[in-house]
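Student: I have a model open and want to learn how to read its packing. Where do we begin?

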Amino acid sequence: FPAALGAKFAAPDRPVVNFNGDGGFLFNAQEFATAVRYGLKVVTVIMNNNCWGSEKAYQRYAFNERYVGADTNNPRYDKFAELFGGTGFYVERPEDIGNAFLEALNTDGPSIIEIPTDLVDSPCVAPGPLQWESALPSDPATLGEAVSEAAELLTRARRPVILGGVEVHRFGLRAAFEALLEHAGYPVATA
C-alpha cells in the first residue's frame, strides 16, 4: 500500500490501483490517513479472507491443518475508508466488482474496495520453500542501472500504475495478471 501512495505522488496524473490481501494491507493500514490528508486518488482492492493467507496455506500443508496465529480480526474495510474520510465499497457478488471499480476510479480521493474471499476455495502455492523471482540483477553494481530503467519505464508510461502484492502470486494469478496488463498496453515490472 505505501508503494501505491509513492506511485501516486510520483505520477499524480495517472490512476493508481493497488491490490492487497487483508493481512498485507494491515501492515500499513494507518497510511490510509496519509492518502486522505494529501487527497491521493488511489484505489485499493482488498481481498479479505480474514487470515494471514500465506501463513495459513503453509500451515495447512506443512502442519496438517494445525493453525497457530493465522486468523485475523478485521474491520469492514469499506467502513475503515469512510472513517478516515475516504470512500469505501463492499462487494459480495462478482458481477458487482466492475461497477465498484468504476465508481472508485471516479472518486475524488482514496478509496477501498473490499472483496470477501474464502481461503478454502482459494488456490495456493504448492507446499515447500518459498520461490522468489526477482527482476533485479544479481550483480549489485548494476542495480543503479536497473532502477534507472524502471524509473524511465514508469516516466514514459501514460497508463495507470497497477501494483499487485503477494496475493497475486499466492493465488496463482501472476501470469494472468501480467497477460492482462500487457494486453492493455500497461508496463509490467516484477520483483
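Tutor: With contact, which means heavy atoms within 4.5 Å. Bear in mind that this is a predicted model.

Student: Which residues is Val42 in contact with, leaving aside its neighbours within four places in sequence?
Tutor: Val42 is in contact with Ala4, Leu5, Lys8, Val16, Gly109, Pro110 and Ser111.

Student: How many residues has the largest nonpolar core, and which have the most contacts inside it?
Tutor: A nonpolar core joins buried residues through side-chain atoms within 4.5 Å. The largest has 16 residues. Leu5, Phe25, Phe32, Val42, Tyr77, Phe80 and Ile112 have the most contacts inside it. At least two residues of this core come from each of helix 1 (2-10), helix 3 (32-37), strand 2 (42-48) and helix 5 (77-84). A second, separate core has nine residues, including Val17, Val91, Ala100 and Ala104.

Student: What does the side chain of Asp78 make a polar contact with?
Tutor: The side chain of Arg76, at 2.9 Å. Not counting residues up to four places away in sequence, Asp78 also touches Gly88, Phe89, Tyr90 and Glu114.

Student: Which residues of helix 4 are buried?
Tutor: In helix 4 (residues 53-62), they are Gly53, Ser54, Lys56, Ala57, Gln59 and Arg60.

Notes:
Residues are numbered from 1 along each chain as its sequence is written. This is a predicted model: local features need pLDDT of at least 70, side-chain atom pairs count only at pLDDT 80 or more; totals for chains, interfaces and linings use all residues. Side-chain values use heavy atoms; hydrogens and water are left out. Buried means under 20% relative accessible area, exposed over 50%, partly exposed in between (1.4 Å probe, protein chains only). Helices (H or I, at least four residues) and strands (E, at least two) are DSSP runs, numbered from the N terminus. A polar contact is a pair of N or O atoms within 3.5 Å; within protein, one must be able to donate a hydrogen and the other to accept it, and residues adjacent in sequence count only if both atoms are side-chain atoms.
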